[in-house]
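Thank you all for coming.

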Amino acid sequence: SKYSYYGLDVFPEDNVEVLIGDICDPNFIEKHIGVLDSFDVVYSNNVFEHLQDPFVAAKNLWRMCKTGGLIVTIVPFSQRFHESPDDYFRYTHRGVEQIFSSAGPVFIHESGYDILGRRNNWQGSGLHFDLVPTDSFGAWRETWFTICILEKC
């Protein structure tokens, strides 16, 4: 499948609430009164590889989502190392399904890989230990993203 990614700009006049905190904190929901079962869509794009405890984070996101709501997660399956502030994991589609299934019941709408950037010659800036050796083909050449769209049951 081909996916298009769009940015989200939040402006003060939009009156949007921004949650700040550690999503890996088991008490995250209790610290943000009113977020339990309150979101129609929970979207995470290239975040889970940076989380020390993705199982706790998935449980928090599952708890934030309304029953019938969607959880959309995009994570690297194969990508160069990139600290921000650190980089811990890569995920298969089955791994993402398992992490969220362990949080609570979900229906899997779609789960698989986006390989359109597979042969892009992506190289980091070097500021976050993200430079990889360059060979005759270029730099890091296998960038796959795992995409999982789940519905909270």
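In which helix is phenylalanine 28 found? Phenylalanine 28 is found in helix α1, residues 28-31, where helices (H or I, at least four residues) and strands (E, at least two) are DSSP runs numbered from the N terminus. Before I go on, please keep in mind that this is a predicted model, in which local features need pLDDT of at least 70 and side-chain atom pairs count only at pLDDT 80 or more, while totals for chains, interfaces and linings use all residues. Residues are numbered from 1 along each chain as its sequence is written, and side-chain values use heavy atoms, with hydrogens and water left out.

Phenylalanine 28 counts as buried because its relative accessibility is 5%; buried means under 20% relative accessible area, exposed over 50%, and partly exposed in between, with a 1.4 Å probe and protein chains only. Not counting residues up to four places away in sequence, phenylalanine 28 touches Leu19, Gly21, Asp22, Ile23, Asn60 and Met64, a contact being heavy atoms within 4.5 Å. With methionine 64, the separation is 36 residues in sequence and 10.0 Å in space, C-alpha to C-alpha.

Let me turn to the nonpolar cores, each a set of buried Ala, Val, Leu, Ile, Met, Phe, Trp, Tyr and Cys residues joined through side-chain atoms within 4.5 Å. The largest has 24 residues, and those with the most contacts inside it are Ile23, Phe48, Leu61, Met64 and Phe100. At least two residues of this core are supplied by each of α1, α2 (54-64), β2 (65-78), α3 (93-101) and β4 (144-152), and the largest share, 5 residues, comes from α2. Apart from this core lies another, of 5 residues, including Val72, Ile74, Phe145 and Ile149. As for leucine 61, its contacts, leaving aside neighbours within four places in sequence, are Ile23, Val42, Phe48 and Phe100.

Next, the backbone. Which residues other than glycine have a positive phi? Aspartate 37, with phi near 55°, sits in the loop between α1 and β1, and asparagine 46, with phi of about 60°, is found in the loop between β1 and α2. Aspartate 37 is partly exposed, because its relative accessible area is 39%, and asparagine 46 is likewise partly exposed, at 24%.

Finally, the surface. Valine 41, in strand β1 (residues 39-45), counts as partly exposed because its relative accessibility is 47%.
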